[in-house]
Amino acid sequence: MGVNTKYMRKLLQLAILITLTVPAVAEYMAGDHELFLMPTAYTMPKGASYFSDYEVAIINYTYAVTSRTHVGVFSFFPINKEVLETAAIGIKQNYYSSEQTGCAFWSAIIPKNKVFNLGNVVSFGKKGKSLHIAASAVYVADEDETFDSVENFNNQTWAFTYTIGYRRDLSEKTSLIAEYSYVFASEDDADLLCVGPRFKTKKIAWDIAAARPIINNDDPGLIVLPILKATIVF
């Protein structure tokens with residue numbers, strides 16, 4: 001039994017080492033790491049970084065520690081000190097990559113607000129014609145609660161998000177993207193469909209989407225909401 005345990009430990013260490021060091025497949029272009037809102041399994045080359053701005057109000061800076069590992073900070077635009085308390089620290093790790101399939105998990109935490117997110121995404125096909133399926137869980141602690149016991153942990157507010165997205169390149173510099181998310185929470189459910197183009201180069205991507213709730217639409221007069229995102233790769 002001791003020999004098997006030692007062997008399994010070495011095998012796990014080797015698998016982690018390969019995951020962190022073997023380069024991901026295919027050339028990276030600006031925006032490949034996500035669709036409109038959902039992440040994909042794709043990652044940047046080691047040493048690259050990107051800056052994204054959503055609707056001017058939300059910003060994200062991410063750095064590729066390895067060709068499979070992203071570490072980043074996500075926050076509202078810092079108009080005051082209170083806004084900085086909502087900053088999230090996140091990581092994405094690609095753990096499988098081939099010509100037709102990629103897999104990655106991500107995790108993020110907002111320390112001040114005791115919010116934790118963990119998710120996984122699988123990307124099928126080549127980047128220019130790819131399907132992406134993701135699931136994630138978020139828990140939020142009450143202000144006066146901690147995670148120091150199983151009882152408190154079970155009493156947190158949970159939300160689960162299921163997302164499916166599709167990307168089709170129309171040309172070298174233009175993609176069409178569709179993305180649907182369904183959020184299942186204890187108090188209320190929500191969903192969102194986003195459709196629109198991406199205009200890209202190797203260093204810059206512009207996303208312009210029309211977004212609208214489909215199942216849980218409380219405003220029947222609503223046509224669409226605009227989503228605008230710019231990404232610059234360094």
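Which side chain makes a polar contact of 2.7 Å with the side chain of H132? The partner is S123. Welcome to this predicted model, a protein chain of 234 residues. Below is a short tour, from the chain as a whole to H132 and then to the cysteines.

**The chain as a whole**
- The protein chain is built with 3 helices and 12 strands.
- Of its 234 residues, 37% count as buried.
- The protein chain exposes about 13500 Å², and 68% of that area is supplied by carbon and sulfur atoms.
- Take the contacts between residues at least 6 apart in sequence: 43% of them join residues at least 24 apart.

**A look at H132**
- You will find H132 in strand β7, which covers residues 129–140.
- H132 has a relative accessible area of 0%, so it counts as buried.
- Besides the polar contact with S123 at 2.7 Å, the side chain of H132 has a polar contact of 2.9 Å with the side chain of S130.
- Setting aside neighbours within four places in sequence, H132 is in contact with L35, M38, T40 and Y42, with V122 and S123, and with T163, I164 and G165.

**Cysteines and disulfides**
- How many disulfides does the structure hold? The number is 0.
- C103 has a relative accessibility of 12% and therefore counts as buried, the cut-off being under 20%.
- C194 is buried too, with a relative accessible area of 1%.

Note on methods:
Residues are numbered from 1 along each chain as its sequence is written. This is a predicted model: local features need pLDDT of at least 70, side-chain atom pairs count only at pLDDT 80 or more; totals for chains, interfaces and linings use all residues. Side-chain values use heavy atoms; hydrogens and water are left out. Helices (H or I, at least four residues) and strands (E, at least two) are DSSP runs, numbered from the N terminus. Buried means under 20% relative accessible area, exposed over 50%, partly exposed in between (1.4 Å probe, protein chains only). Contact means heavy atoms within 4.5 Å. Accessible areas come from the Shrake-Rupley method with a 1.4 Å probe; for residues, only the protein chains shown count as cover. A polar contact is a pair of N or O atoms within 3.5 Å; within protein, one must be able to donate a hydrogen and the other to accept it, and residues adjacent in sequence count only if both atoms are side-chain atoms. A disulfide is a pair of cysteine sulfur atoms within 2.5 Å.
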